Amino acid sequence: MRREPHVIDLPKKVVVGENVIWQIPKVIQELRLGRKALIITGPNVWGLVGKAIEEMMSSSNVSYEVIKVSKPTLGEAEGLNEALNKFLPDLIIGLGGGKPIDIAKYLSANSGTPFISVPTTSSHDGIASPFASLRGGSRITSVLAKPPVAVIADLSVIASAPARVIKAGAGDLIAKFTAVLDWRLAHRLKGEYYGDYSAQLALLSAKHVVNYSDMISKLSLEGVRVIVEGLISSSVAMCIAGSSRPASGSEHLFSHALDSIANYPALHGEQVGLGTIMMSYLHGREWRKIKKVLKKIGLPTTAKELGVRDVDVIEALTIAHKIRTERYTILGESGLTYEAAEKLARETEVID
Ligand SMILES: [Zn+2]
């Protein structure tokens, strides 16, 4: 039982649909967020939608400044504090893939300024979660921030991203199967708080991917919608749990370990998807079914497809338990031996 009060912070408005990017000024007005916006975006995204944003903002009564960021580092985020103090915005808009949204989230939490999340890709579930993941040196730091006050997910923009980027989001959703199993295990063995409602919500988004894998593999607009809605649900599950537990377990630890060994070799969702196959095996679950769904969608299921060496996968498996020692998972406190890791990767046909 949790003794302290459980406080849930949720986004107030979620807009998902085609061409909804044009609704940014309307949402700012409806939620009375003010008249000065700081837009955090990336150079490529701005090239894609900057004109539309300029057009809609100039015909609204909201003034704005644009800052383009390229690295999701703690240093880069901290460096923007000065600009924030100078401009003193009423609201921050994170416009882009992961990086601008994570940085906007961090700045918002630091300054108490509300932020709107405008994802332009569907590659991961940070789009509405209360956690900013930023790189500090070779490690990823997950900072507890506030969830966005609004999420505006334009399916026309998101669907125009490369197929690989869109599909990666399905991998991040499949990961909830093992994330929830790890959470339950930590509850049983370590007495950690476990909330079944948020766990079920996260699982629902993973099951959704399985049920709609056909649609997702064809990348139809409805398939993209399934991924985007699933990612928002998973973010909301994290808001309800007050931690990233429902969304991130041993498969995420494996992915972070692979990032540090092979220097961010593939997309986050691709890596955690592959990790889910192996962690399902350790949990004694239907890893073949996970593999089949990932294959059908067109996500990597082998080291080769992920673009890493077999030895990188094995090594990542042996150090994954050290990535976040407070996060108890199926990997245990002492992790896997090299032999056990190699056997695991071979049995699940991740390496040959
Ligand atoms: Zn993730």
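In which kind of crossing does α13 pass α14? In this predicted model, α13 passes α14 in a left-handed crossing.

The chain is divided into two parts, domain 1 covering residues 13-158 and domain 2 covering residues 163-347. Between the C-alpha centres of domain 1 and domain 2 there are 26 Å. Where the domains meet, 20 residues of domain 1 are in contact with 25 residues of domain 2. On the domain 1 side of this meeting place, at least two residues each come from β1 (13-17), β7 (139-144), β8 (150-154) and α6 (155-158). Sorted by class, that side of domain 1 consists of 12 nonpolar, seven polar and one charged residues.

Next comes the sheet. Six strands form an open sheet, and reading across it gives the order β1-β8-β5-β4-β2-β3, with parallel pairing. The edges of this sheet are β1 and β3 (63-68), each of which pairs on one side only. From one strand to the next, the twist averages 15 degrees.

Helix α5 (residues 98-111) lies across β2, β4 (91-96) and β5 (115-119), and its direction is at about 165 degrees to β4. Helix α11 (residues 221-241) lies across β1 and β8, running at about 165 degrees to β1.

Helix α11 also has a helix partner. Helices α9 and α11 pack at an angle of about 165 degrees, and their axes are 8 Å apart. Because this angle is over 145 degrees, α9 is roughly antiparallel to α11. The crossing of α9 past α11 is left-handed. On the α9 side, the contact is made by Y197, S198, L201, A202, L204, S205, H208 and V209, while α11 contributes V226, G230, S233, S234, V236, A237, I240 and A241. This contact of α9 with α11 holds 10 nonpolar and six polar residues, and no charged residues.

Helix α9 (residues 196-211) packs against helix α8 (residues 176-190) as well, here at an angle of about 155 degrees with the axes 8 Å apart. The two helices, α8 and α9, are therefore roughly antiparallel to each other. Here too the handedness can be stated: α8 passes α9 in a left-handed crossing. The residues that meet are K176, F177, A179, V180 and W183 of α8 and A199, A202, L203, S205 and A206 of α9. By class, the contact of α8 with α9 contains eight nonpolar residues, one polar residue and one charged residue.

The description can now return to the pair from the opening question. Helix α13 (residues 268-282) packs with helix α14 (residues 287-297) at an angle of about 165 degrees, and 8 Å separate their axes. That angle makes α13 roughly antiparallel to α14. To follow this contact in the structure, look for G273, T276, I277, S280 and Y281 in α13, which meet W287, I290, K291 and L294 in α14. The contact of α13 with α14 is made up of five nonpolar, three polar and one charged residues.

Key: Residues are numbered from 1 along each chain as its sequence is written. This is a predicted model: local features need pLDDT of at least 70, side-chain atom pairs count only at pLDDT 80 or more; totals for chains, interfaces and linings use all residues. Axes are lines fitted to C-alpha atoms, for helices over the stretch in contact, and angles run from 0 to 180 degrees between N-to-C directions. Helices (H or I, at least four residues) and strands (E, at least two) are DSSP runs, numbered from the N terminus. Angles under 35 degrees count as roughly parallel, over 145 as roughly antiparallel, 65 to 115 as roughly perpendicular and the rest as oblique. A crossing is left-handed if the near helix is turned anticlockwise from the far one by less than a right angle, and right-handed if clockwise. Two residues are in contact if their C-beta atoms, placed from the backbone, lie within 7 Å. Ala, Val, Leu, Ile, Met, Phe, Trp, Tyr, Cys and Pro count as nonpolar, Asp, Glu, Lys and Arg as charged, and the others, Gly among them, as polar. Domain bounds come from an automatic or database domain assignment. Two strands pair if DSSP finds at least two bridges between them.
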